[in-house]
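Hi,

Here is the structure I promised to hand over. Please have a look, and then read on for what turned up.

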Amino acid sequence: SCEYVQPGSDCDGNQLQVGDIFEGGIVFQINEDGTGLVADLHDLGQMNWFVAMNEAENSTSGGYDDWYLPSIEELELMYNTIGQGGSDGNIGGFSDYLYWSSTGNQNTHLRLSFVDGNAMSNTNTLSWAVRAIRAF
């Protein structure tokens, strides 16, 4: 833990950038107020949606316990910044696979392809990859 010099800076006072490792993950969003989002450095595995929600919420990766399953919009942002759709390539180390989002209803949820960036609805019982995120 450290005292930030300014919002959006690391412990050494360096301005955070998308792709930096910070607060247990890789930064994929920085807001104007210095807050943002990080993706876990690793996938939690492949599982159905119900298990995915539970695993994400119970993750303690990097010593943090406030991880969650991203929305479809957050997954798209990850794909376009630190994933296969990013200008720097797949710096987030995502698999060329389908990832669950928290966006959906009782029977189906959206998943995002980290091959082509397309979203699609699937039944909750299918097994797709899971990458948790957290706010900082």
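Which backbone oxygen lies 2.8 Å from a polar atom of the side chain of Arg131? That of Asp40, a polar contact (a pair of N or O atoms within 3.5 Å; within protein, one able to donate a hydrogen and the other to accept it, with residues adjacent in sequence counted only if both atoms are side-chain atoms).

Some ground rules: this is a predicted model, where local features need pLDDT of at least 70, side-chain atom pairs count only at pLDDT 80 or more, and totals for chains, interfaces and linings use all residues. Residues are numbered from 1 along each chain as its sequence is written, and side-chain values use heavy atoms, leaving out hydrogens and water.

Back to Arg131, found in the loop between β8 (128–130) and β9 (strands are DSSP runs of E, at least two residues, numbered from the N terminus). Its relative accessible area is 1%, so Arg131 is buried (under 20%, with a 1.4 Å probe, protein chains only). The backbone oxygen of Gly92 also lies 3.1 Å from a polar atom of the Arg131 side chain. Beyond neighbours within four places in sequence, Arg131 is in contact with residues including Met78, Phe94 and Tyr99 (heavy atoms within 4.5 Å).

As for the sheet, 4 strands form an open one, ordered β1-β2-β3-β9 with antiparallel pairing (at least two DSSP bridges per pair). β1 (21–22) and β9 (133–135) each have a single partner strand, so one side of each lacks a neighbour in the sheet. Between β2 (residues 25–30) and β3 (residues 36–40) there are 5 bridges, and Gly25 stands opposite Asp40.

Best wishes

Definitions and conventions: Buried means under 20% relative accessible area, exposed over 50%, partly exposed in between (1.4 Å probe, protein chains only).
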